[in-house]
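Please keep the sequence and the structure in view while reading.

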Amino acid sequence: MPGTLKWILALLLLGLVLGVIRFAPRADGSDVTVNTWANLIEQTEALGLPTRFLKEIDPDFVTVAFEDLRTYAAEYHPEEHRMILNLRLSFNKAGGALMDLDRMTHHDISLLYHELLHAYLDYIFHGSDPVALRPQSRQVLAVAQEQMRCHYRFVRITPIRQRRETTEMRFLSKDDAWEVLNETWAVFVGWQIWTKLEQHREGKGVGPWTEPLLDEWKALLAKANTSGALLGYYEPDDPEERQVARKRFIAPYNGLTPKGARLLLDLVLEEPDEVVKAAGTVIKDTQDVTAEQLPCE
Ligand SMILES: [Zn+2]
C-alpha cells in the first residue's frame, strides 16, 4: 500500500509540475497573443463581423502586443509577424487584454480589421504550407499571386497624391508589389467594416442586409472608388526613390480590381452573393480605364 501511495503522490506531483509549465505565461508574451486572438474572434463574432479568415491564422504565427502607439490604432510588421495594438485598445489601458469591441470607435475597429487582413495575407503567403490552407484561402492566395504578377507590378503612381491625373510609371520589386496589393486590399477591408458598422450604428453590431442598405452601400462604394479613398500605396525599396518620397500612392488605374473586390467580399468578408456581384459591377463602372494598359511581367 505505501508503495502505491508513493506512486500516486509522484504522479500527482508530476501532473502539478506539468500543469504549471503548461499554464505559466511565456516570457515572449505569446500568452497575450493566444488570449487576445481567442477573445478577438469571440467578440467580432458577437458583433456579426467576419471571423472565418481569422480562424485560418495559427495564433502562434502572429505575436500580438499592446504598445503606446502615437497615431494608429494598430500596426502590422510582416518581417517579424507582429501585430501591435494601441494601448487604448486594451482593457483599462493596461496592455494585458483586449478591451470590449463594443466600446471601440468604428474607426478603431476598421483599422484593426485593416491590420488583421495584413496578418492573414502574411500567414497565407509566409506562414503556412499552401496545401494545408482551406480551399477559400488557397483561392485568395492564387488571385493575389496573379494580381502581383500583373496588376500591381508594372504600375502608374501619382507623384503628388492630390493630383491623380498626373502619373508616372514604375516597375515594382516583388516586395513592393506585395505591399501595394496588401495595402489596397487592407484599405478596402477597413472601408467595408467601417461602412457596415456606420450603416448599423443604431443596433448592437451588424445586422442583415436590406434593399435600402444595399442601395446606400452601392452609392458609398462608387463614391469611395472615384474619390481615391480605396487607393493603395507602398514604401519604395529603392533607396534613391525612397529619398524622393517615403510613400508612393498608386494611380486609380492600378486601384482595386472588380475581381479583387469580389474575392475579398466573398471569401474574406463573408458577404452574400448579391453584395459580391454588386461590388464587382460598381468597381467596374467606376474604375479608371482611360490609361493605356501596361504589360504584365
Ligand atoms: Zn496597412
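The model is predicted, not experimental. It holds 10 helices and 7 strands. Of its 297 residues, 36% count as buried. Among contacts with a separation of 6 or more, 64% are between residues 24 or more positions apart.

- Helix α9 spans residues 258-268 and is mostly covered, with 9 of its 11 residues buried.
- The buried set consists of Gly-260, Ala-261, Arg-262, Leu-263, Leu-264, Leu-265, Asp-266, Leu-267 and Val-268.
- Just after α9, Glu-270 has a positive phi of about 55 degrees.

**The α9 and α10 pair**

- The axes of α9 and α10 lie 8 Å apart, and the two helices pack at an angle of about 155 degrees. Angles over 145 degrees count as roughly antiparallel, so α9 is roughly antiparallel to α10.
- The crossing of α9 with α10 is right-handed.
- On the α9 side, the contact is made by Pro-258, Ala-261, Arg-262, Leu-265 and Asp-266. On the α10 side, Val-275, Val-276, Ala-279, Gly-280, Ile-283 and Lys-284 take part.
- Sorted by class, the contact of α9 with α10 has 7 nonpolar, 1 polar and 3 charged residues.

**The α6 and α7 pair**

- Helix α6 (residues 174-199) and helix α7 (residues 211-227) have axes that come within 11 Å and cross at roughly 140 degrees. That angle makes α6 oblique to α7.
- The α6 and α7 crossing is right-handed.
- From α6, the residues in contact are Trp-191, Thr-195 and Gln-199. They meet Leu-213, Glu-216, Trp-217, Leu-220 and Ala-224 of α7.
- By class, the contact of α6 with α7 has 5 nonpolar, 2 polar and 1 charged residues.
- An α-helix has 3.6 residues a turn, so residues three or four places apart point the same way. The α6 contact residues Trp-191, Thr-195 and Gln-199 can be read with that spacing in mind.

- Strand β2 (residues 74-77) has a covered face formed by Ala-74 and Tyr-76, while Glu-75 and His-77 form an uncovered one.
- β2 pairs with strand β3 (residues 82-86) in the antiparallel sense, over 4 bridges.
- Glu-75, on the uncovered face of β2, stands opposite Ile-84 in β3.
- The hairpin has 4 residues between the strands, and His-81 takes a positive phi near 50 degrees.

**The four-stranded sheet**

- Strands of a sheet pair through backbone hydrogen bonds, either parallel or antiparallel.
- An open sheet of 4 strands runs in the order β5-β4-β7-β6, and its pairing is antiparallel.
- β5 (168-171) and β6 (233-234) are the edge strands, each pairing on one side only.
- Strand β7 (residues 248-250) is joined to β6 by 2 bridges, and the two run antiparallel.
- Tyr-234 stands opposite Arg-248 in β7.

Conventions: Residues numbered from 1 in each chain as written. Predicted model: local features only at pLDDT ≥ 70, side-chain atom pairs only at ≥ 80, totals over all residues. Axes fitted to C-alpha atoms, helices over the stretch in contact; angles between N-to-C directions. Parallel < 35°, antiparallel > 145°, perpendicular 65-115°, else oblique. Left-handed = near helix turned anticlockwise from the far one by under 90°. Contact = placed C-beta atoms within 7 Å. Nonpolar A, V, L, I, M, F, W, Y, C, P; charged D, E, K, R; others polar. Buried ≥ 20, exposed ≤ 12 C-beta atoms within 10 Å, placed from the backbone. Pairing = 2+ DSSP bridges.
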